[in-house]
Amino acid sequence: QVQLVESGGGLVQAGGSLTLSCAASGRTFSNRAMGWFRQAPGKERDFVAAIYWSTGVAVYDDSVKGRFTISRDNAKNTVYLRMNSLKPDDTAAYFCAAGRITGRTPQSYDYWGQGTQVTVSS
């Protein structure tokens, strides 16, 4: 099994920055990709960004491209999401996920964290 724990969420004003962390433990060798999704109340769980663990190659949703950066620290088994120029529309619960590919759908991932709330005020 793989355990994922997100942290770093909070309240921030529009235009501000925030960094989320996802610490992975357990059988992490089976994970080839790590992703971030977000979900607002009453909305679908949407893709944000993903990264291949071995190469560091990343993909982003158009809504965050140029503002968010996904990265990973091999020694710490941790994935980060640096969020800049935050907008009220970024308000959501953010979830970390682990899987085989950097897919844009939740079905591409096998393991999920419990989420961390990000609220952006206007």
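This section describes the overall build of the protein, a network of salt bridges, and the surroundings of selected residues. The structure is a predicted model, in which local features require pLDDT of at least 70, side-chain atom pairs count only at pLDDT 80 or more, and totals for chains, interfaces and linings use all residues. Residues are numbered from 1 along each chain as its sequence is written, and side-chain values use heavy atoms, with hydrogens and water left out.

The protein contains zero helices and 11 strands; helices (H or I, at least four residues) and strands (E, at least two) are DSSP runs, numbered from the N terminus. Along the principal axes, the C-alpha atoms fill a box of roughly 40 × 30 × 25 Å. Of the 122 residues, 40% are buried, where buried means under 20% relative accessible area, exposed over 50%, and partly exposed in between (1.4 Å probe, protein chains only). The protein exposes about 6400 Å², of which carbon and sulfur atoms supply 47%; accessible areas come from the Shrake-Rupley method with a 1.4 Å probe, and for residues only the protein chains shown count as cover. Among contacts (heavy atoms within 4.5 Å) with a separation of 6 or more, residues 24 or more positions apart account for 56%.

The structure holds four salt bridges, each defined as a side-chain nitrogen of Lys or Arg within 4 Å of a carboxyl oxygen of Asp or Glu. One of them joins the side chains of Arg 38 and Asp 90 at 2.8 Å, N to O. This pair links distant parts of the chain, 52 residues apart, with Arg 38 in strand 4 (residues 33-39) and Asp 90 in the loop between strand 8 (78-83) and strand 9. Asp 90 also meets Arg 67 in a salt bridge of 2.9 Å, N to O. Arg 67 lies in the loop between strand 6 (58-60) and strand 7 (68-73), so this pair ties together parts that are 23 residues apart in sequence. Through shared partners, Arg 38, Arg 67 and Asp 90 are joined into one network. Relative accessibility is 13% for Arg 38, which counts as buried, 12% for Arg 67, also buried, and 2% for Asp 90, likewise buried. A further salt bridge is formed by the side chains of Lys 65 and Asp 62 (3.4 Å, N to O); both Lys 65 and Asp 62 are exposed.

Tyr 94 is placed in strand 9 (residues 92-99) and counts as buried, at 0% relative accessibility. Its side chain makes a polar contact of 2.9 Å with the side chain of Arg 38; a polar contact is a pair of N or O atoms within 3.5 Å, where within protein one must be able to donate a hydrogen and the other to accept it, and residues adjacent in sequence count only if both atoms are side-chain atoms. Beyond its neighbours within four places in sequence, Tyr 94 contacts residues including Glu 6, Trp 36, Phe 68, Met 83 and Val 118.

Thr 102, in the loop between strand 9 and strand 10 (109-112), is buried at 13% relative accessibility. Residues touching Thr 102 include Ala 33, Val 59 and Tyr 52. Tyr 52 lies in strand 5 (residues 46-52) and is partly exposed at 30% relative accessibility.
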